[in-house]
Amino acid sequence: MRRHLVVAAACVLLTTRAGGADSVTLTDPTTEWQNLYGAILYAGSATVHNNGGAPLRAVKVRLELFDKDGKPVAHADGYNLGGERLNDDPAALDAVMPIPAGGTDKVRVSIDKTEIPRPFRTATLTVVEVK
Amino acid sequence: MRARRLAVATVLLAVHAAPLLGAEKLQLNQASAEQLTALGLTASQAAQIVRYRKENGNFLQVEELLVVPQMSRETYDRLRDKVTVDE
């Protein structure tokens, strides 16, 4: 496997804007181009922190790319590692492993290069939904 | 004839030397293997970049160079300030 990574944390902005997301923060963000057996991806990853007092079933995070003028170029959504099953089966909420109060989990979201229509300059990772 | 040769030489010099002189960055999505070699890449590395571009489409960021076969981090660090991608 040929895989080259570039850490571009400087261009990753973290925000939380979803309802109920105030108790969730993202840290250690990285974005990188990846070549996975010939499939070219742009991926973002971070650590999800549950700062609230109750377990969370899942946290949905959006990787969004912006051009030099700040206009959106492409985006993709994904769940934290414990909730990744929801990507394929949104109804499987009871089957996922919750993030305990005060706990953390990893999240990784990627966009295939073929789904990025034009050059971009910056990327953001944003919490868009908390379950 | 001599003037024509001089003109050709001038054009070639401008094309190959401008990026090196800092006058202007080389457009990664239009660059030929020869132009990339002039930036210090080996012929094999330059050929890989051109091949990658043909197979995967235009570069969307300069950082995308890092997933080109044979592109080391060191080579990328030397190259990144000499090339650009149309935005």
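Visitor: Where is the place of A:Asp28 in chain A?
Guide: A:Asp28 sits in strand 2 of chain A. Keep in mind that this is a predicted model.

Visitor: And what is phi of A:Asp28 near?
Guide: Phi is near 55° for A:Asp28, a positive value in a residue other than glycine.

Visitor: Is A:Asp28 buried or exposed, and why?
Guide: A:Asp28 is exposed, because 12 other C-beta atoms lie within 10 Å, and a residue counts as exposed at 12 or fewer.

Visitor: Back to strand 2 of chain A. How does strand 2 pair with strand 3 of chain A?
Guide: Strand 2 and strand 3 (residues 39-50) of chain A pair in the antiparallel sense, over 11 bridges. In that pairing A:Gln34 stands opposite A:Leu41, and A:Thr31 stands opposite A:Gly44.

Visitor: How many residues are between strand 2 and strand 3 of chain A?
Guide: The two strands form a hairpin with 2 residues between them. A:Tyr37 in the turn has a positive phi of about 55°.

Visitor: What order do the strands of the open sheet in chain A take?
Guide: The open sheet has 3 strands in the order 2-3-6, and the pairing is antiparallel. Strand 2 and strand 6 (104-112) of chain A are at the edges with a single partner strand each, so one side of each has no neighbour in the sheet. On average, neighbouring strands of this sheet are turned by 20° against each other, direction ignored.

Visitor: What holds paired strands together in general?
Guide: Strands of a sheet pair through backbone hydrogen bonds, either parallel or antiparallel.

Visitor: Next pair. Over how many bridges do strand 4 and strand 5 of chain A pair?
Guide: Strand 4 (residues 59-66) and strand 5 (residues 72-79) of chain A pair over 7 bridges, in the antiparallel sense. A:Val61 stands opposite A:Gly78 in strand 5 of chain A.

Visitor: What is in the turn of that hairpin?
Guide: Strand 4 and strand 5 of chain A have 5 residues between them, and A:Gly70 in the turn has a positive phi of about 85°. A:Asp69 is also found in the loop between these strands.

Visitor: Is A:Asp69 buried or exposed?
Guide: A:Asp69 counts as exposed, because there are 7 C-beta neighbours inside 10 Å. A:Asp69 and A:Thr122 are 53 residues apart in sequence, yet 10 Å apart in space, C-alpha to C-alpha.

Visitor: Now the inside. Which residues touch the most other members of the largest nonpolar core?
Guide: A:Val48, A:Val59 and A:Val61 do, in a core of 42 residues. Strand 2, strand 3, strand 4, strand 6 and strand 7 (122-130) of chain A each supply at least two residues of this core, and so does helix 3 (43-56) of chain B.

Visitor: What does A:Val48 touch?
Guide: Leaving out residues up to four places away in sequence, A:Val48 touches A:Val24, A:Leu26, A:Val59, A:Asn80, A:Ile99, A:Thr104, A:Asp105 and A:Val107.

Visitor: How many residues does each chain put into the contact?
Guide: Chain A puts in 15 residues and chain B 12 residues. On the side of chain A that touches chain B, strand 2 (residues 24-36) of chain A gives the most, with 3 residues. By class, this side of chain A has 7 nonpolar, 3 polar and 5 charged residues.

Visitor: What does the secondary structure of chain B come to?
Guide: Chain B has 4 helices and 2 strands, and along the sequence they follow the pattern α-β-α-α-α-β. Of its 87 residues, 26% are buried.

Visitor: Where does B:Gln70 lie?
Guide: B:Gln70 is in the loop between helix 3 and helix 4 (73-79) of chain B. B:Gln70 is partly exposed, with 15 other C-beta atoms within 10 Å, and its phi is near 75°, a positive value in a residue other than glycine.

Visitor: Last topic, confidence. What pLDDT does chain A average?
Guide: Chain A averages a pLDDT of 86, and 83% of the residues score at least 70.

Visitor: Where in chain A does pLDDT stay under 50?
Guide: Over residues 1-13 of chain A, a stretch with 33 contacts beyond four places in sequence in the model. The pLDDT is also below 50 over residues 15-19 of chain A, where the model has 12 contacts beyond near neighbours in sequence.

Methods
Residues numbered from 1 in each chain as written. Chains lettered and ligands numbered in written order. Predicted model: local features only at pLDDT ≥ 70, side-chain atom pairs only at ≥ 80, totals over all residues. Contact = placed C-beta atoms within 7 Å. Nonpolar A, V, L, I, M, F, W, Y, C, P; charged D, E, K, R; others polar. Pairing = 2+ DSSP bridges. Axes fitted to C-alpha atoms, helices over the stretch in contact; angles between N-to-C directions. pLDDT = per-residue confidence, 0-100. Buried ≥ 20, exposed ≤ 12 C-beta atoms within 10 Å, placed from the backbone. Core = buried A, V, L, I, M, F, W, Y, C linked by C-beta atoms within 7 Å.
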